[in-house]
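Here is a briefing on one structure. Keep the sequence and the 3D view at hand while reading.

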Amino acid sequence: MRIEVDPDVCIGSGMCALTDPDVFDQSEEDGTVVLLDGRPAPDHQERARQAQHLCPSGAIRVMDER
Amino acid sequence: MTETVSTGLPVGRSNPFDPSDELGRLRAQRPLCPMRFPDGHVGWLASSHSLARELLADQRFSNRGELQHSPVAVGGEVMPPREVPRGLFLATDPPDHTRYRRLLTGQFTVRRMNQLTSRIERIVADHLAAMREHGSPADLVPVFARPIPSLVICEMLGVPYAERDTFQRNTAVAMNLEHTVEQMNAAVAEIQTYLRDLVRRKRSQHDDDLLSGLIASSGLDEEELTNVTFLLLVAGHETTANMLGLGTFALLQNPRQLAALRSDPALMDNAVEELLRYLTIVQFGTTRTALQDVEVDGHVIKAGDTVSISLPAANRDPEKFEHPDALDVSRAAAGHVAFGHGIHQCLGQQLARIEMRIGYTGLFREFPDLRLAVPAQDVPLRDQMSIYGVHSLPVEWS
C-alpha cells in the first residue's frame, strides 16, 4: 500500500491523525496533514483506508501496490 | 408518476431523539426531492447519507450566505439571503474560506486538543463538585452542560468568562426561530458590539490566547477579528453544551446502553461518535447553492438552486447504518456527518470529542445512580432552536 497526501487540499479536520496517529500527523503551524508513513505495515492498512474515507476534503489517496 | 414536492423542511418530531418521520419517508422514496422553501424558492431536499457526503464535498455548490435560501422560517417570517460580514468565513467559499480557516486550523489539531485534557478534566471535576454541593435534584443544563464548554472556549479564545452573560443571552435569542428576524439581528449586533470592544481591549494586553495571537499576527482587521471570534464563540458554546445535555438524556433513557458503557469505559470514544450520529443536533442541517447546473442522482440541479441537506436524516440512513434508529454505543459510527463533510466540516470537532468524552465519563462516574427527576415527556426540548437539545434536564441522585 502506498499513501499520498495533498496538504493544499487539506482543511485540517484532524480525522486522519485521530484515525491513525502512527501514519498521519498535523502540521503545528496550520494543522494540515503530515504523512508519517507512506508505506504503512499491514496492521495499519485498514485504518489508512478508513482515514481516506473519513477525510472531508479528499486530501488522502491510498493506492494498493504489489 | 406524481411529483413529490416537499413543502418546507419536515421538522416535527414524534419523540425527543428521532428526526421527523417524514424525513425517513422521503429518504426511502426520493432522497433528492424538490422542496419549496419558505421564501417560495423551489430547490431541493437531500436526505440520504451518500447524497449528503457527495453534495457537501462538491465545490460546484457554494456555501456563500448571500446565495442561500433558508429552509426554515424565523418567527413566521422569511429569512432573506444576506450579505455575509467579512470574517464570518463559514458562509464563504475558497479562496476566502481557505485563507481564514488556515489561520485557525493549527489551533484545533488533535494534538493541541489532547493537550487540553487535564485542564478540561479540572473544569469538569469543579462543576461536578458544584453539582454535588447544589444537591439533588438539579437542572443539568446550567450546572454542567452549559458552563463546561463555555468556560473551555472562553479560556481558549481569551474571552473573559465573567463577561459571558451578554453573548449567552443574545446567542439564545439569535438561535431561536420563534423570535423575529429583527430581534435576531439585534441580538447578533449586540454580540458583535461586545466583541469589537473586546478586540480593542485585547490589543493592548498581549495575553496568551487565540484571539491575542490573531490580533498580533494574522493581519486581520477589526471587523474580521470580531466576526471570526463571533463564529468560534457561538459554535463553541451551543454545540457541545447541547450534546452534553441531550446525550445525557439519551443515555438515561437507554439504560442498557448506559450499563454497557459503564461496564466498559473503553467504549467511550465509540459512544461519543454514536451519540453524535444518533442525535445530530444541527437539526435543520445545512444548505448549499449550485454555482452551475450539476447532475446529481439523475436530476439536474440548476445554477441558483439551493439544496437543503438534512444531516439528521443522513445519519439515520439504513443504507449506511444498520438499525439506524437504535442507539448502540458499540457500533462503528465513524463516517457520520454530524460535523458535516467537505471543506466546511466542523473546525472544533476534535475539541468537542474531548469535551464529551471527559464530560460524560466524569458525570456517570461521580453520579452512578443519576436519573431523571421528571417524567421524560416533561423535559423541554429545543425544537425551535437551530441547534437541537434540551432547555433543561432535571436530574436526581441519592
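In which sense do β5(B) and strand β11 (residues 394-396) of chain B pair, and over how many bridges? The two strands pair in the antiparallel sense, over two bridges. This is a predicted model. The predictor gives the complex an ipTM of 0.96 and a pTM of 0.96.

**Chain B overall**

- The average pLDDT of chain B is 95, and 99% of the residues score at least 70.
- Chain B holds 15 helices and eleven strands.
- A compact globule of 398 residues would have a radius of gyration near 21 Å; chain B agrees, because its own value is 21 Å.
- The C-alpha trace of chain B spans about 60 × 55 × 40 Å along its principal axes.
- Of the 398 residues in chain B, 47% are buried.
- Among contacts in chain B with a separation of 6 or more, 72% link residues 24 or more positions apart.

**The sheet with β5 and β11 of chain B**

- Three strands of chain B make an open sheet in the order β5-β11-β10, with antiparallel pairing.
- β5 (138-139) and β10 (371-372) of chain B stand at the edges, each with a single partner strand, so one side of each has no neighbour in the sheet.
- D139(B) has P394(B) as its bridge partner in β11(B).

- Strand β1 (residues 6-7) of chain B runs parallel to strand β2 (residues 32-36) of chain B, and two bridges join them.
- T7(B) stands opposite R36(B) in β2(B).
- β2(B) also runs antiparallel to strand β3 (residues 42-46) of chain B, joined by five bridges.
- On that side, P34(B) stands opposite W44(B) in β3(B).
- β2(B) and β3(B) form a hairpin, with five residues between them.
- In the turn of this hairpin, G40(B) has a positive phi of about 95 degrees.

**Helix α7 of chain B**

- Why is helix α7 (residues 147-157) of chain B described as largely enclosed by the rest of the structure? Nine of its eleven residues are buried.
- The buried residues of α7(B) are P147(B), I148(B), P149(B), S150(B), V152(B), I153(B), C154(B), M156(B) and L157(B).
- These buried residues pack against α5 (117-134), α6 (140-145), α8, α10, α11 and α15 of chain B.
- G158(B) follows α7(B) and has a positive phi, near 90 degrees.

- Helix α9 (residues 181-203) of chain B has 23 residues.
- From first C-alpha to last, α9(B) reaches 33 Å, close to the 33 Å expected at 1.5 Å a residue.
- Buried in α9(B) are M184(B), A187(B), I191(B), Y194(B), L195(B), L198(B), V199(B) and K202(B).
- The partners of these buried residues are α8 (164-174), α10 (210-217) and α11 (222-253) of chain B.
- The loop between α9 and α10 of chain B contains D208(B).
- Is D208(B) buried or exposed? D208(B) counts as exposed, because it has 7 C-beta neighbours inside 10 Å.
- D208(B) and D325(B) are 117 residues apart along the chain, and their C-alpha atoms are separated by 45 Å.

**Strand β1 of chain A**

- Strand β1 (residues 2-5) of chain A has a covered face made of I3(A) and V5(A).
- R2(A) and E4(A) form its uncovered face.
- In a regular strand the side chains alternate between the two faces of the sheet.
- β1(A) and strand β4 (residues 60-63) of chain A run antiparallel, joined by four bridges.
- V5(A) has I60(A) as its bridge partner in β4(A).

**Contact between chains A and B**

- The contact takes 18 residues from chain A and 17 residues from chain B.
- On chain B, α3 (96-105), α4 (110-115) and α15 (349-366) each supply at least two residues of the side that touches chain A.
- α3(B) gives the largest share of that side, three residues.
- The residues of the side of chain B that touches chain A comprise five nonpolar, nine polar and three charged.

Methods:
Residues are numbered from 1 along each chain as its sequence is written. Chains are lettered from A and ligands numbered from 1 in the order in which they are written. This is a predicted model: local features need pLDDT of at least 70, side-chain atom pairs count only at pLDDT 80 or more; totals for chains, interfaces and linings use all residues. Two residues are in contact if their C-beta atoms, placed from the backbone, lie within 7 Å. Ala, Val, Leu, Ile, Met, Phe, Trp, Tyr, Cys and Pro count as nonpolar, Asp, Glu, Lys and Arg as charged, and the others, Gly among them, as polar. The expected span of a helix is 1.5 Å times one less than its number of residues. A residue is buried if 20 or more other C-beta atoms lie within 10 Å of its own, exposed if 12 or fewer, and partly exposed in between; C-beta atoms are placed from the backbone. pLDDT is the predictor's confidence in each residue, from 0 to 100. The radius of gyration is taken over C-alpha atoms; the globule rule is 2.2 Å times the number of residues to the power 0.38. Two strands pair if DSSP finds at least two bridges between them.
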